[in-house]
Amino acid sequence: MKLQKGKLRSLEMFLQCSCFEEKQEADVVRVEIALIKESQIQFKINGFSTSATRIKLDQVLELELTKGAQIIALQETKLKTITSLKIKGYNIFKLYRQNRSGGGLAFLIKNINYQYMNINRKITDGSNLEIQGIRMIWREKPLNIFNMYHPPDLKSLPTDLQDLFTVGTICLDDLNAKHQIWGCSTANPRGNELLDIIDDKCFSILNDGTATNFSYSYNTKEAPDISIANSDLGPSYKWTLLENLGSDHLPILIELKKRQLVPTSNSKQWIFKKADWQSFSLSQRLLITELKAYLSRIVLI
C-alpha cells in the first residue's frame, strides 16, 4: 500500500472535523500499532496532534479496510485530556498518561461486543507501566486483550504484573524489554524479568524473531514490540509484520484462526540457562548406577 506524501486519502471518511481540537500542537512522536482480526493490529502511533501522525492514523485505518482488523491497539498516543478523538465506525477506549506528557494508549474497536477491564492499581502504582484491557467472547469463552507500554527507564516490571497472565489472555506490549528469544540483539534486565513471567505462566511468544523497530540514527534494529498469549491460545494465532508506515516501529497484524489446528510438533523452546545442571548430572549418574546393577543381576541369573 502506497500513499502520496501529505495526502489524507481516507482520513476524512473516518475522522470528524472536531477530531483534533487541541490548543497547542504537540511534538512529533513515534507510532506503534497492533491489529487484531477477529483480528488485531498493534502499532506505536507516537502522537495524534501533527499532520504527519494524522497521515499515519489514516494509513492504519486503511490497513483495517484491507486486512479486516476489528481491534487496533495503539501505544504512545500522547493524547491529552483536552483532545477530542472521534473516528466514525469505531468505539475508542483511551488511557491518558497521568501527571506528565507523552505516553498514552488507545483501543479502536469495530463490530465487536466487549467490556472494559479494571486494572488493579497495585500493578501500576509506583511504576511507569501503562495498561488497558478489554474482554470479548471468542469460542464461547472470555478472551482478555491487554495493551501495554513502559518507557525505557531503569525501573523493573511490577511484581504483580504476572497476575494478568491468566488463561485466555493475549498481551500486546512495548515494554522496552529486550531478549534474543524474541529477536533483540541483546537482553536487558527487564527482558529477563518478562521472560521469567512468560515461562512461569506458560505463555507463548507469537513473534517470529523479526525486528519490529529500526533506528535510522544509530543504524540498529530490535524487537521491543512483543505479542504474547496463553499457550492454549498460541496455536490459534497468526503473527505478521506489516509494511512501514513512516514510524520507527512496524505495525503488527495478529489473526485469530476460526478453527484451531492441533499442533503436530512441540514448538516450546528450552531455556537452558535456567536448567539445574548439577542436579541433572547427579540424577543421571544415579540412574546409570541403578541400570548397571539391574543388568548385572540379569547376567547372573
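**Close-up views of a predicted model**

**View 1. Glu130 and Arg97 form a salt bridge, with their closest N and O atoms 2.7 Å apart.** A salt bridge here is a side-chain nitrogen of Lys or Arg within 4 Å of a carboxyl oxygen of Asp or Glu. Glu130 sits in strand S7 and Arg97 in the loop between S4 and strand S5 (105-109), so the pair ties together parts that are 33 residues apart in sequence. Glu130 is buried at 8% relative accessibility, and Arg97 is buried at 15%; buried means under 20% relative accessible area, exposed over 50%, and partly exposed in between (1.4 Å probe, protein chains only). This is a predicted model, in which local features need pLDDT of at least 70, side-chain atom pairs count only at pLDDT 80 or more, and totals for chains, interfaces and linings use all residues. Residues are numbered from 1 along each chain as its sequence is written, and side-chain values use heavy atoms, with hydrogens and water left out.

**View 2. Lys122 forms a salt bridge with Asp163, the closest N and O atoms being 3.7 Å apart.** The pair links distant parts of the chain, 41 residues apart: Lys122 belongs to helix H3, and Asp163 to the loop between strand S8 (141-149) and strand S9 (169-174). Helices (H or I, at least four residues) and strands (E, at least two) are DSSP runs, numbered from the N terminus. Lys122 is partly exposed at 45%, and Asp163 is partly exposed at 39%.

**View 3. Asp153 and Arg190 form a salt bridge, with the closest N and O atoms 2.8 Å apart.** Here the loop between S8 and S9, holding Asp153, is linked to helix H4 (residues 189-200), holding Arg190, across 37 residues. Asp153 is partly exposed at 26%, whereas Arg190 is buried at 5%.

**View 4. Trp270, Phe272, Trp277 and Phe280 make a nonpolar surface patch of about 580 Å².** Patches are made of residues with over 30% relative accessible area and no salt bridge, with like charges joined within 9 Å and nonpolar side chains (Val, Leu, Ile, Met, Phe, Trp, Tyr) within 5 Å. Accessible areas come from the Shrake-Rupley method with a 1.4 Å probe; for residues, only the protein chains shown count as cover. Look for Trp270 in the loop between strand S15 (252-256) and helix H5 (277-300); Trp270 is exposed, at 73% relative accessibility.

**View 5. Ile254 is found in strand S15.** Ile254 is buried, with a relative accessible area of 0%. The C-alpha atoms of Ile254 and Tyr237 are separated by 6.5 Å, although the two residues are 17 apart along the chain.
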